[in-house]
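I opened this model to look up its aromatic contacts and one of its helices. My entries follow.

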Amino acid sequence: MGSEDKIILYTNHRCPWAHRAHITLAELNLPFEEVIIDLDVPRTAEYLAVNPRGLVPSISFNGEIITESAIVAQFLVDSRPNHLVPQTGNAEAALRRARIAFFVDAFISGSTKHLFKIAAAKTDAEAEEPAREALQQLVKEVEPLLADAKPFFGGSDKLTFAEVLTAPFAIRLLTLSKAGVYPKILAEQLPEKAPNFTKWAEKLSSHQSVVNIYREEDIIRTAKARIAKLRAA
């Protein structure tokens, strides 16, 4: 990837999936053109021609369209040497990549699915159970994997690909827990039961590439509005 390459990012700053692409581009210091997609209205014909699924992020790389957040991020980190992932070609690098992939799966496939259930709950009481399940899964599976974070995954002093793919969800978990959008069990028990996770997530919350597009008040407002809309349906 050279300076002559043209990257167009189709995004929305409130979307955690699109947030992955922003973090990757910032960490790799890659210039790009940004096109904001309004997720509150039906997608335009122009954007559906870019991505028929209507989702963000998508990127155009020299005219080639790449979609789905993990695929977009993976393409970008594979396009040039970087500090996020070791380059392939030896067992040590493969093992490092496998550890990152396992961590991402543990967090996204485990805790995050329970957090999504909180937003879909019809009452505060109903939201308690997925909150407890999310906390339990974090303590059981994610917390041990951050035991050697210094301050980032795997003892790294720089952001890694593990953070690229999980940071958007980790900082939203902290934000919405502290704001009382999520059941209070999370804000009350996370620091005690998952101190490694809490310390790691708080470090992410002050990292420039992570917070560059993150507007906490907007995230809280839209989360509250989404939950109210689902409960009224």
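I looked up the aromatic cluster and found F103, F107, F153, F197 and W200 in it. The rings of Phe, Tyr and Trp (its six-membered ring) pair if their centres lie within 6.5 Å; planes under 30 degrees apart count as stacked, over 60 as edge-to-face and the rest as tilted.

The model is predicted: local features need pLDDT of at least 70, side-chain atom pairs count only at pLDDT 80 or more, and totals for chains, interfaces and linings use all residues. Numbering runs from 1 along each chain as its sequence is written, and side-chain values use heavy atoms, with hydrogens and water left out.

I counted seven aromatic pairs in the structure. Y10 and Y47 make a tilted one, with 5.6 Å centre to centre and 45° between the planes. Y10 sits in strand β1 (residues 7-11) and Y47 in helix α2 (residues 45-50), 37 residues apart; helices (H or I, at least four residues) and strands (E, at least two) are DSSP runs, numbered from the N terminus. I found both Y10 and Y47 buried (under 20% relative accessible area; exposed is over 50%, partly exposed in between; 1.4 Å probe, protein chains only).

Next I checked W17 and F169: their ring centres are 4.7 Å apart and their planes at 65°, so the pair is edge-to-face. W17 belongs to helix α1 (residues 16-28) and F169 to helix α6 (residues 161-178), so this pair ties together parts 152 residues apart in sequence. W17 counts as partly exposed because its relative accessibility is 30%. F169, at 5% relative accessibility, counts as buried.
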